[in-house]
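Here are my notes on the model you sent over. Have it open while you read.

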Amino acid sequence: MKVVPVPQLADNYAYLVIDPARAVAGVVDVAEAGPVLEAARRHDVTLTAILSTHHHFDHVAGNESLLDELPKGSVEVYGYSGDAERIPGITRPLDDGEEFELAGLRGRAMFIPAHTRGHLAYYFEADKSVFTGDTMFAGGCGRLFEGDAAQMKASLEKLAALPDDTLVYCGHEYTQGNLRFAATLEPNNAELGRRREEVDALIASGKPSVPTTIAIEKQTNPFLRSASPELVASVQAQVAGLGADPVEVFAATRTLKDSF
Ligand code: ZN
Ligand code: FE
């Protein structure tokens with residue numbers, strides 16, 4: 001597998017997921033068809049699939065116009081079965097755990113609701129890669145639009161249970177701001193400090209901060225660290241009456257981030 005991030009709108013990423021052996025690609029989350037077609041041309045691949053993580057416009061607004069530009073019936077559109085009515089052009093509704101083939105690549109849908117009630121991740125086990133949309137970000141997580149804190153925490157933990165060396169490709173370039181917030185909660189987390197330097201250098205040189213890895217996220221993402229004593233103390237200092245229950249700490253962390 002070869003993965004090519006394609007910047008979309010202000011800070012979104014679509015991703016070409018390429019099977020180099022067959023010069024075929026799928027694309028994760030199309031907001032704008034133009035840059036995706038241009039990237040496919042540049043890498044000399046035929047697009048045969050759209051993998052939509054969730055229904056928000058900045059992830060699916062380009063589905064129909066991309067389909068219009070490609071031979072009719074040549075492109076499968078994947079999305080969560082329970083949210084099919086909100087995924088434009090869907091042809092292959094997927095349930096949790098369902099497997100599919102993208103040229104020679106084998107993928108699996110992971111149902112990870114909370115940002116929206118129909119959110120999927122696309123996991124490619126053999127290629128050690130997962131596309132997490134707006135559920136797990138590098139250093140953060142999506143806002144709770146259609147689910148609650150307990151549900152988001154469970155969805156993130158499902159992703160965090162993947163092997164440590166899994167590459168994580170998320171839906172937005174929010175990493176610097178996410179890590180700035182993380183550092184307010186864990187100023188003594190040395191791994192977080194190291195990661196911020198790495199990300200600052202990437203961004204300064206015009207490069208994406210993605211992919212991250214499951215190992216890095218477990219060490220630096222405040223939404224996977226609701227049991228960290230330093231984080232718990234920092235959140236408690238800002239939220240009167242907060243105990244140490246991990247779901248409550250998680251919910252309070254999400255609320256603090258909403259207004260950071
Ligand atoms: Zn979204
Ligand atoms: Fe988004």
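The points below cover the basis of the model, a hairpin, the aromatic pairs and a pocket.

1. Ground rules. This is a predicted model, in which local features need pLDDT of at least 70, side-chain atom pairs count only at pLDDT 80 or more, and totals for chains, interfaces and linings use all residues. Residues are numbered from 1 along each chain as its sequence is written, chains are lettered from A and ligands numbered from 1 in the order in which they are written, and side-chain values use heavy atoms, with hydrogens and water left out.

2. Strands here are DSSP runs of E with at least two residues, and helices are runs of H or I with at least four, numbered from the N terminus. Strands β1 (residues 2-8) and β2 (residues 12-19) run antiparallel, joined by seven bridges; two strands pair if DSSP finds at least two bridges between them. V6 has A14 in β2 as its bridge partner. Three residues separate the strands of this hairpin, and L9 in the turn has a positive phi of about 50°.

3. Aromatic pairs. Rings of Phe, Tyr and Trp (its six-membered ring) pair if their centres lie within 6.5 Å, with planes under 30 degrees apart counted as stacked, over 60 as edge-to-face and the rest as tilted. Y15 and Y169 have ring centres 5.3 Å apart and planes at 70°, so they are edge-to-face. Because Y15 sits in β2 and Y169 in strand β13 (residues 167-170), this pair ties together parts 154 residues apart in sequence. Both Y15 and Y169 are buried (under 20% relative accessible area; exposed is over 50%, partly exposed in between, with a 1.4 Å probe and protein chains only).

4. A second pair. For F100 and Y122 the ring centres are 6.0 Å apart and the planes at 80°, so this pair is edge-to-face too. F100 belongs to strand β7 (residues 99-102) and Y122 to strand β9 (residues 120-124), so parts 22 residues apart in sequence are tied together. F100 is buried at 3% relative accessible area, and Y122 at 0%.

5. The cluster. Y13, Y15, Y78, F100, Y122, F124, F131 and Y169 are linked into a cluster by ring pairs.

6. The pocket lining. Which residues lie nearest the centre of the largest pocket? They are H115, F137, G142, R143 and Y174, out of 16 lining residues. A pocket is an open set of points on a 1 Å grid over the protein atoms alone where a 1.4 Å probe fits, with protein on both sides within 12 Å along at least five of seven lines; lining residues have an atom within 4 Å of a point. Helix α9 (residues 246-258) gives the most to this lining, with three residues.
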